[in-house]
Structure formats: C-alpha cells, structure tokens
Amino acid sequence: METRTFDNVASLAYFAPELGLIAAVLLLVVWDLASPARLKIAGLVVISLAALAWSGGMGAYFLAKDAGPHELFHGLLAFDRFSNLFRVIFAFVTGAIVLFSVPPRGPGVAPELRRDQGEFFTLILVLSLGMNLMAASRHLLLIYLSLELVSVMSFVLAGFKINDARSSEGALKYVIFGGVASGIMLYGMSWIFGITASMHLGECAARIAALTAQQGKVPEVVFVGTACMLAGFGYKISAAPFHMWTPDVYEGAPTPVTAFLSVGPKAAGFAVLVRFFSDALGAGSASPAVATPWPVLAGCLAMATMTIGNLSALGQENVKRMLAYSSIAHAGYMLLGFSVFSDAGVAAIAFYIVTYCFMNLGAFMVVMAVAEQSGGDETLSAFRGLGRRAPLVAAAMVVFLVSLTGLPPTAGFVGKFYLFSALLTAGGAWRWVLAIVGVVNSVISLFYYARVLRAMYLEKGERTEPVAVRPLLGATTCALAVPTLLLGVYWGPVYDFVASSLSMLR
Amino acid sequence: MPSLSALVFLGLAALTLGSAGFVAFSRNIIHSALALLGTFLGIAGLYVTLSADFLAATQVLVYVGGTLVLILFAVMLTSRIAEMKVSNPRGRPVVAFVLVTAVLLVLGRVATRTPWPAEARPAMPSTAKLGHAFLGEYLLPFELGSIVLLGAMIGAVVLARRAVRRAGEKE
C-alpha cells in the first residue's frame, strides 16, 4: 500500500487508540467526582484498564492487519508498524502499573499513595498518551510537545507521596533538570530548523542529505543541533551525563511510579531517539563513503552511561536506589545497540525493551511487596531471610535479578545476546571496544545484584515469620516472572514479531 | 555607520542579555524577579524585528503580564525565602567557566561559518496566517497543548492540595 498523507478528519480513524485514552482521562475525572465511595477504586481501575486494552488492542490490530504506513495530521504523526508496536508495549506497561498501584485494602497498612487516587490514574493515562505520541512523532514541534507532556506528568507523579521530604526533593530536582534539558533540546531544534528550514523530519532528512552530499561530511551545524537535542532525549532515557536526577527521583517517588518511570518513558525516549536518527539524520541508511560522527557519539554515551550506572550501584544499601542506578546501566546497554545504526541494532533494542519491561517491572514489584510488609523499609535489611519468609516472591526476585544481570536461561540473556551480536556483526575495532566494555559492565553488575540474592537466601533477618504478600501483587509478580523465564528459553516468535515490526516511515 | 535595524537589534540584545545576567547574578531574589521584566521585553522586541508581531504581543501579554506577576507572587508569598540554605555545594566556578567558554566558542564558530538559508519574510501582520495554521495543518499540536495544560492543571491541584492539608495538620 502506498504511503498516504491524511488531513485532520481522515486521520482520526488511525488515531483511535489515543482518542480512547483521552476519553478515558475525561471519564476518570468525572468518575472520581461522581462515583460512590465504595465503587470508586474499582471503577478507576476498570476504566483505566479498558482504555489501555483499547489502545494496545488497536495497536495489535493494526499490526496484524499490516495497516499503513500513513502520515497522519498533514504529516505530523507517523502511522507505521514501529508506532503500533510501541502502542502495544506502552499499553502493557501502563496496564501493569495500574494493577501495581491498586491500594491495599483493609486497615493496618499505610497506603504509600496519597488519597487522590482519581488524579493518580488520570495522570498515568495522560502519561501513556504522551508516550504513544512520542513514538509516533515525525515533527520537531510534536516531539517537543509529547516529550513535555510525558515530563510534566512525571514531575507530578514523582512528588506524589504525602509528607515526604525525599519525594518532594526528587520531584523538584526532576523539574529543574527537566526544564534545563528541554531548554537545551529546544535550542538544538532551533539549529536544525535554521539549517533545514523545516520542522518535518522527512523534509529535514532531505535537506541534511543534500548538505551532506554537497560538503562530503555531516555539516557541523547538524552535529551541534543534534548534540543539543541529545540532552532532551538523553534525559528521558537517563543516559550519562544527563542521568543526575535519576537516583533521587527513583528513590523518592512512590514505587509504582518509579517502576513506571524506569520502563515507560525510557522506552519512549528510545523510540523517539531511534526515529529521529533514522528518519531525520538518515543515520541507518547513510552511504558508507561519508563518515558520520554518530556511531562514535552514541558509543561514547553508551560507555559512559553503563560504567557510571554500574559503578554507582555497587555501594547502594537501598534496593530502590540500586535499581535506579541499574536502570541507568541498562540504558547504556541499549545505547550499545543504538550505536550500530543498523536494522539489527534497532531490532535488538526493541526486543531488549520488551524483556526489560518484564524484568524491571517485576523487580520493582517485589521491592514494593517487601517494603509494604516491613513498614516501608526498602533497604537490603528488609530482604534478609526472604527466601524462607516468602519463598515464591523470593524465587521471582531471583529470576528478575538473574535476568537483569543477563545470565541464561532468562530473557535478559537473550536480549543482551542480540545487542552484542548486532554490535559485533557490524564489526570494526571501535565496536569490539564497546562490546568488551559492555561485558565488563555486565560482570560488575553481577556484584550488586548478587548482594540482594545473598541477603535473601544466606543471611538471617531479625524477623522470621512468613511475609503475607497481597494476592494481587503476588499474582502479578508471578505473571511477570513466567515470561521472563519463558523468553529465555523460547524467544523465537517474539523476537521475529518485534523485528518485523520496526519498519518506519522515512 | 551600522544600519538602523542592526542598532535596534544590538540595543535589544543588550537589554535582554544584561537583564538575564542580572537575574542570574543578583543576590536579592526580588531584584532577580524584577530584572526578568527586561529580558521578557527584550525578547518581545526581538520578535518584532523578526516580523513576528503576534508572537511579540503574546510575549508581552503572557510573560510580562502573567508569568512575571506570578513569579513575583511566588517570591513574595514564600516564607523565609531570603534565608534559604543551599544544601548542594556549588561546583568549581573555574571549571564551569572554562567549559562554558569552550561551548560558546564552538557554537559561535559554527554559527558564523554556516551558510544559513535566508528568505525574505512576508510583511506583518501574521495573525491571520497563524490562526489558519492552528485550525488547519497544526490543529493536532494545538489540541495537544490543551491536553498538556489539562494534565498540568490536575497535577497542580494535586500538589497544591497537599500544601493545604499540611497547613491544616499543623494546627
């Protein structure tokens, strides 16, 4: 089917997932006001899940029907397999977070979230909408707006804990850092717009390609503009040197929010990063005669990000903070695949994002389950003796941590395998250096993940009574652990599906 | 003798940068907030020299009229803002100075050596064209902007309500 550009009205049919999310947001606000108190939470959860099922389901339907590619809204949004794949991923992640944030029932347990449940679910759905738009944007203006939509919602969610100085401090740092990063990104966009006289990625690409051919190299001005834009993207995926906000925000935010921020916006950041580089800069399809600076730039970012993340995670006592640093390191691994700028690299990133969703969401869910039962204690000491006190949850945590380290037979191993194989297939001394740094980093990461394992199984805690984990949390944890294991042994169909869903409008 | 437009540009740039420097370096936060007025007005003037009349008017209405007043309110209504203790140490100013100078030199060099595509701008007013663009080709960003604002409003309510509760709890 040939690519068509639709006007505003004709685009709506292809924009249905996002329209559903917007409708649900408005419905949630009304429901929060008008519902009876008894049914309130149930209604909120049902409305949110229904909207996400609609959004993800429509994405899957478009994928199955092989619809598109089209340009929506006069070319502002792309409707292609890439955006639809990310619709499914984001709907899944957000759905897991919604389940995750159902407050515990009954007295005795202090709810970590504040009483404003309606607002919480509303903000999460708006965030999901912003992530969908990020993955589909083909226009600098829309990239900025959707990024800002995600950022503003994240700021509020990070400060959602009541009467908690750390939460407020994290949120404030997030705001300041986000504002600076957005400002630098806008400045970079103005350079790109200045030289290409267009904000549409396709037209930028044509102009940049013409300039590159004319000068025999990537023009300096494009390099400066892109480097500045990387500040905005790097801040979303928490890549060094834009990672400084991550530990404080992740530690201070409520655990469901931390889990969300570590997976959702990060995946969205990678989606917009990949689309910008392959669409506007043509980094994936550049002629080999022209040496582009992008592989070296991305490689340096990847190495710095991995190393800083892993080394800082080593001494952490707070498990949530450790997972924050570990999520920085994982952004570094994904940047390894990004630095190849090939289809195999993009496929490896997308598959890694899928596996990362399972293992990271799962790890945070266990942290929440444990902290809930130990009076909000998120440090290693809360995990002591967990192997005996809550065998099932501890076993799930083992799966997640082994997977995060990247050892077989788990999904994390397969994901890392594809990342490294994409890197080494591309060849060259620089790629080998990157791969070696990556492997060394994986070994380092084993140390701090193993500390949690040791605390759970080899150390004795002060308390020995069994931990009563909420059924909902326990069930969701197991539901996340099963695919983490399963994808480690039988990943073929999922990988093929992901790899075939990466065709992008160019 | 430079042309009139160059003189106007230099004057406006000096106003903008000078006020911005005052905002950054002034010890008194109220003086900083007031100095923002010069920056905002300078930017509005720059918009006029770029034939963006509607944008200039919006800049004055929204930033000078709205944002600045809001900032002043925030500064004056925050209790004990003057005796704030800075918990995070300030890094080495020398290193920062060297880095910033290097970035500035690179940016300046690239900016002056690049052949920017220039085109003659159509004369003002631009309002009608903006209106048509927002209700036609750029309808989606326009509507998305309202969703950002809706979300931000809900978020502001959430965060502000906590402040009220805290005040109530102290009593």
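In this predicted model, chain A and chain B bury about 3,200 Å² between them, and carbon and sulfur atoms give 70% of that area. Of the area that chain A buries against chain B, 14% is supplied by A:L145, A:N163 and A:W191, more than any other three residues. Chain A brings 44 residues to the contact and chain B brings 31 residues.

Across the interface of chain A and chain B there are two residue pairs in polar contact, both at pLDDT 80 or more. One salt bridge is found across the interface; it joins the side chains of A:E220 and B:R113.

On the side of chain A that touches chain B, the elements that give two or more residues are helix 2 (16-34), helix 5 (117-136), helix 6 (140-158), helix 7 (165-196) and helix 9 (220-236) of chain A. Helix 6 of chain A gives the largest share, eight residues. By type, the residues on this side of chain A are 26 nonpolar, nine polar and nine charged.

Within chain A, A:E378 lies in the loop between helix 14 (343-373) and helix 15 (386-389). A:E378 counts as buried because its relative accessibility is 5%, and buried means under 20%. The side chain of A:E378 is in polar contact with the side chain of A:K320.

The side-chain pairs named above are listed with their distances.

| Side-chain pair | Kind | Distance |
|---|---|---|
| A:E220 and B:R113 | salt bridge | 3.4 Å, N to O |
| A:E378 and A:K320 | polar contact | 3.3 Å |

Methods:
Residues are numbered from 1 along each chain as its sequence is written. Chains are lettered from A and ligands numbered from 1 in the order in which they are written. Side-chain values use heavy atoms; hydrogens and water are left out. Helices (H or I, at least four residues) and strands (E, at least two) are DSSP runs, numbered from the N terminus. Buried means under 20% relative accessible area, exposed over 50%, partly exposed in between (1.4 Å probe, protein chains only). A polar contact is a pair of N or O atoms within 3.5 Å; within protein, one must be able to donate a hydrogen and the other to accept it, and residues adjacent in sequence count only if both atoms are side-chain atoms. Contact means heavy atoms within 4.5 Å. Buried area is the accessible area (1.4 Å probe) that two parts lose on being put together, summed over both. A salt bridge is a side-chain nitrogen of Lys or Arg within 4 Å of a carboxyl oxygen of Asp or Glu. Ala, Val, Leu, Ile, Met, Phe, Trp, Tyr, Cys and Pro count as nonpolar, Asp, Glu, Lys and Arg as charged, and the others, Gly among them, as polar.
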